Amino acid sequence: MTRWQTYLTRAIFVLLLTGTLVVPAVVSYAQQAEHSNNETTASPYLQVNEEDILVLEVRVGNKATGHGLIAYQHEEATLLPLGELCSILELSIMVDPDNGTAQGWIIHEDRTFALNLPAQTISREGNLEPLPGILVGYDENDIYIQSTVLEQWLPVDLSINLPRMHVKISPRETLPFQSRLKRDEQRSYWLSRHGNDKNKYPMQQAPYRMWSYPLVDATAGFLTGRQPLTQRFALQSHADIAGLSTNLFISHLGNTNHSQTIARLKAGRWSPEGGLLGPVGATQYEAGDLYISRIPLISMSKQGLGLMVTNQSIGHNREFDTTEIQGDAPPGWEAELYINGTLYDFQTIGTIGEFRFTKVPLVYGTNIFRTVLYGPRGETREIVKNANISAEMSDVGELKYRAIVVREGKGLLTKPASNNYLLNEPWNQQVELSYSLTPKHALVGNVSRLRVEGSQELFSSLTSHNSLGRVYLETILAKSMRGGSAFSLAGQARFMNQNLFASHKSSSNYRAEAYFGNSNLVGETVFRSSGSLMHLGTGMLFYNLSAINRNFEDSVLKMDNEFKFHISGNISRLLLSHNLRYRESHYENSIASDLKGTQLVRAQLGPLSLRGDLNYELSPNRFRSAGATINWFQTDRVQLVARGAHFLKPEFGNDSVGLDVTVFFDQFSLGANYSYFKFGGPSIGLTIGTSLTRDNRSSCFAVQHRRLANHSAASVRTFIDLNGNKVFDETDEPLPGIGFLNLTAWKNIRSNDNGAALLTGLLVHHAQTIKLDLNTIDDPYLVPLTEGINVVGHPGSFVDVDFAFSYVGEMEGMVLDAGAMEAPIRHVGLEVLDAEGNRVQSSVAEFDGYYYFSKLYSGEYKLGVIASTINTNRYLLPEPVPFLIPEDGGFITGPDVVLQRIVPVEPEMPIMVAIVPEKETEEPEEEQLATKKPEVQDPKTEDKKFVQSETVNLEVVEVSPVQTMSPELAAVVSKAGATYADESFPKFDKELTLSLVYEVLYRNSLWPDDPAP
């Protein structure tokens, strides 16, 4: 073919192609212009290019949330997705982009919210208003609103930083997600200290061993000056010996004139599940120096050498109206008692090394008694006891028992100092049986053999516990084999958040340890009310008011009336407690009365902790004593304690001031003290203390100044599980340098070269979590099989804990819509299935369709879609896709999840912004074309639309499926209109037409390379 023939062929083809494409479009344009002339308004369009799309990181305050938002920028305005933003803030607003609506409520259910774009209305808290002039848009996933308007609708301030591509959210109110985070933080803290959900982490319980190294606390010192050189020594130890948890307490105080040594030793075993001692099925048994609580109407609490066996629940509370809180502590320590978080009383530990709070009131519901012990070297130890008075009886249909044999006044090593008056050291025996007939009714029977008034007597009692709605009743009938009897009726209830208690006791010819030892008490009536009075800022004010009347016979004392009032409160860091007691005693020929009070105050002011106490009498009117203690403990290395006490009369006490300085080293503490007494002069002393233990399994030592006794410890081992059996053996590799979380004492502990670590300070008889510090793991593909383990130990026990590590892989990919040019789909749930089809992990696609799985162990898996997370009416559920994680882990690109639409859709429309100007009453004829209203298009026919509205009605105009649009074309569209009268005509796009011509002429065989001239 010659050159002119080639050019002629090309010219003819161009004319034919141009006519085919242009002529129908010209006719269509003419029809559009005619149709536009019949409309009242027309809408000019502005194009939003791909450059207008923003992917913004979401921050709350200065913290990143890990969320992202797809937003759009139009001139100076930024459009944010309403539904996605409310989802991040956890506001209850649901968006329906297909219908252009959003409804729900903000923070509180009465603060309703409803947006209706077709009707151009918005309703907030029930007030319906027309939608103001705003930029608004929507696609099939969400509705997009100007950020400045969202600030008016939602209680947040939005600051958009385009250079750094993030949006900063500043809540003006506490939002639901903030409340949830706070609850999660508090819950995480308490669960970490008191045990997490058993389903979250595996449980490991400490066994009882034939022997273990003891956990020992030891303190030694001397004091000299106003008296001869005095030595002080205190030791408390817990260890497993012969399969029993053994507790040893020794206290020695002596000088050349006098010395006293007290030693207590006991051993026992606990099992919450029961089954101890074979057919006995016990949950607990102890032998040695025991303390047993009182028996109502029969005996007071006792201490002596004995044996106790029971199958009752550990920590079972047998009290109904009052209880005793007691325990061991070194002499010179101070004990504070808190009831349900409020300061109640305090004591200074005497030479017998024991604290005891008697007649502590119980209230209906949960009673939490927290005893805080303060040592002279700055030590702090807490002992928590719970008592629950509930209308529901436990262990229905099960027979529970408790058997005790105690030789009062006798000790295994030394005689109890508090019972020196008992010269004959009597034996006491008691057997208690309880049975819950129903959840509302239980019976308790008791038989006791006690020494009363110089002879052994046999007592029996029957107690009935009944629940009548909100009233809890206790009825006791006690009888002495000598012939006397006693009766008690008591009730507890809660009324208007107040706890009410009333009881009446009476006896006939009855002699027992019911009151002050062997007593002539024949009747006692008690009324008590307690509860909260008011809120004080962030604290509460509590009270306890009681009135007691007692009657006696065959005694000089005939009647005794007592009134007690206790009030306490927490105001920020200030704790207040006031006790007032009035007593009136009627004798045969006289009446005596007295009124006494005690005021306690504890405050925390920065690094200073202050406590003050005041004891006084109002009858006669005088102060008894006043004292104050100031504790400065700004660092964990040095502590200063200053104290002073003043007594009105010498028989009340000896005025004194003192100063203690304690330096804490890692392994021990060293203290020096100076005191000056009004009667006796100055004295100085030195004290050294330490705590130590050793782990049998790893041979790790723990020597520290923090207390260890009365706690449990964990022997931890970290290793790389190379053979996958989850057990440390010769083929595995120890993993050093791993840290642990949940206790401050563990912050500097790391596993050694053998992968071993010793963690001390665990609570006993209660689940507590040991978690790994993941920040101490250098290799990101080396992960533990579990991040935490719940442990339960007994005093002096060691729990063996193994953390196995393995190499893992991570995988990422996309979730795409096959029917919309593979556009990403968000919020699709995905699951990784193992070879048996079990779910290994699950994840949710992010806002941009991105999915991610981490910590996948090597092996073959399948990636599937969770059916409940997709619209099955729109998409087909795909089959799971197989993939492989290599043996050495690492990062892989996973398969993309492509969802097929059930009904094919048109190609995705471009993002357009329509600007509808305000109407004017009269417009020039030449401007009417630009203000005509287009037909409203169904939102479902387009994927993305944006409308700026300043009118009452929302107008959405259908646009062409263009790829790009020039400003010249936009002007043409504005002039000619944007809808077609006849949908049968193809839609015209000038630039698309030219591009098609170019494709055909320049990129196919019809236009080959230029022939040679």
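**The hairpins**

Modeller: Leu-235 has Ile-250 in β17 as its bridge partner. This is a predicted model, where local features need pLDDT of at least 70, side-chain atom pairs count only at pLDDT 80 or more, and totals for chains, interfaces and linings use all residues. Residues are numbered from 1 along each chain as its sequence is written, and side-chain values use heavy atoms, with hydrogens and water left out.

Strand β17 covers residues 244–254 and runs antiparallel to β16, joined by 11 bridges. Strands here are DSSP runs (E, at least two residues), numbered from the N terminus. Two of them pair if DSSP finds at least two bridges between them. The β16–β17 hairpin leaves 2 residues between its strands, and Ala-242 there takes a positive phi near 55°.

Now the other partner. Strand β16 (residues 230–241) also pairs with β15 (residues 215–224), antiparallel, over 9 bridges. Leu-215 faces His-238 in β16. This hairpin has 5 residues between the strands, and Gly-225 in the turn has a positive phi of about 135°.

The nonpolar patch comes next. About 600 Å² of surface is made by Leu-399, Val-431, Leu-433, Tyr-435, Leu-437, Leu-443 and Leu-462. Strand β28 (residues 427–438) gives the most, with 4 residues. Leu-433 sits in β28. Leu-433 is partly exposed, at 40% relative accessible area; that term covers the range between buried (under 20%) and exposed (over 50%), with a 1.4 Å probe and protein chains only. Patch members need over 30% and no salt bridge, and nonpolar side chains are joined within 5 Å. A salt bridge is a Lys or Arg side-chain nitrogen within 4 Å of an Asp or Glu carboxyl oxygen.

Note on methods
Patch = residues over 30% accessible without salt bridge, like charges linked within 9 Å, V, L, I, M, F, W, Y side chains within 5 Å. Areas by Shrake-Rupley, 256 points an atom, 1.4 Å probe, with all protein chains shown as cover.
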